[in-house]
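Hi,

Here is the structure I said I'd pass on.

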Amino acid sequence: MEEDLKAGRKKKACDRLRNLINEFPDDISLREKLGQIYYDSGFKDEAGKFWILCKLQNFEMKEAVDIYRNSVSNSGNAILKDIVFRGNKNQLSQYSRDILNELESDSFIKTKHVPDFKRKRREKRNYTESKDSFLSKIGFYLFIGGIIFLPVLGFVKLCEIIKILFEIIF
């Protein structure tokens with residue numbers, strides 16, 4: 001990710017950080033880094049979206065969070081749907097837990113619903129070789145044989161037609 005930023009590939013760095021956030025949702029420092037990239041790129045509202053769970057350390061962060069909150073009318077429901085926190089709240093700092101609790105409370109008061117996002121888990125599947133039946137193998141070989149046989153049959157038939165034509169003419 002650092003190499004991407006140094007090479008000017010901010011989009012790629014953002015994609016990598018988003019993937020890391022999905023993989024490690026409890027690591028708020030990843031959101032902080034992504035917010036900084038967006039802020040440096042001039043997207044203050046997007047930076048605020050990722051900084052909303054971070055402890056505000058400077059005026060830039062506070063300004064960006066305020067811009068973001070205003071862009072979604074300070075709706076807890078909209079913010080929760082935007083930030084899609086899939087982690088364990090108990091592993092967060094007290095500050096982040098308080099923010100999440102405030103957003104959930106606001107969402108419930110206004111909509112009687114609190115968005116809940118389950119952690120994405122990659123399923124490790126056991127892939128097995130397909131067990132083709134005897135008849136399907138026979139059918140496959142007959143199909144391939146037919147494709148090869150048809151042009152040969154067509155050529156033989158064409159020769160017979162030419163032979164018949166020459167017998168009629170001569």
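**What I found**

Going along the sequence, the chain runs α-α-α-α-α-α-α-α. That makes eight helices and zero strands. Do keep in mind that this is a predicted model.

Overall shape first. The C-alpha trace spans about 105 × 40 × 35 Å along its principal axes. The radius of gyration of the chain is 32 Å, whereas a compact globule of 170 residues would come out near 15 Å. Of those 170 residues, 26% are buried. As for the surface, the accessible area of the chain is about 12500 Å², with 58% of that belonging to carbon and sulfur atoms. Contacts are worth a glance too: taking those between residues at least 6 apart in sequence, 48% join residues at least 24 apart.

Then there's H2, which I went through residue by residue. This helix covers residues 10–23, so 14 residues by the DSSP runs, and its first and last C-alpha atoms are 20 Å apart, close to the 20 Å expected at 1.5 Å a residue.

Which residues of H2 are buried? They are Ala-13, Cys-14, Leu-17 and Ile-21. Viewed down the axis of H2, these buried residues fall within an arc of 100°, so they line one face of the helix.

On the face of H2 turned away from its buried side you'll find Lys-11 and Asn-19, both exposed.

Cheers

Note on methods
Residues are numbered from 1 along each chain as its sequence is written. This is a predicted model: local features need pLDDT of at least 70, side-chain atom pairs count only at pLDDT 80 or more; totals for chains, interfaces and linings use all residues. Side-chain values use heavy atoms; hydrogens and water are left out. Helices (H or I, at least four residues) and strands (E, at least two) are DSSP runs, numbered from the N terminus. The expected span of a helix is 1.5 Å times one less than its number of residues. Buried means under 20% relative accessible area, exposed over 50%, partly exposed in between (1.4 Å probe, protein chains only). The arc is that of the directions from the helix axis to the C-beta atoms. The radius of gyration is taken over C-alpha atoms; the globule rule is 2.2 Å times the number of residues to the power 0.38. Contact means heavy atoms within 4.5 Å. Accessible areas come from the Shrake-Rupley method with a 1.4 Å probe; for residues, only the protein chains shown count as cover.
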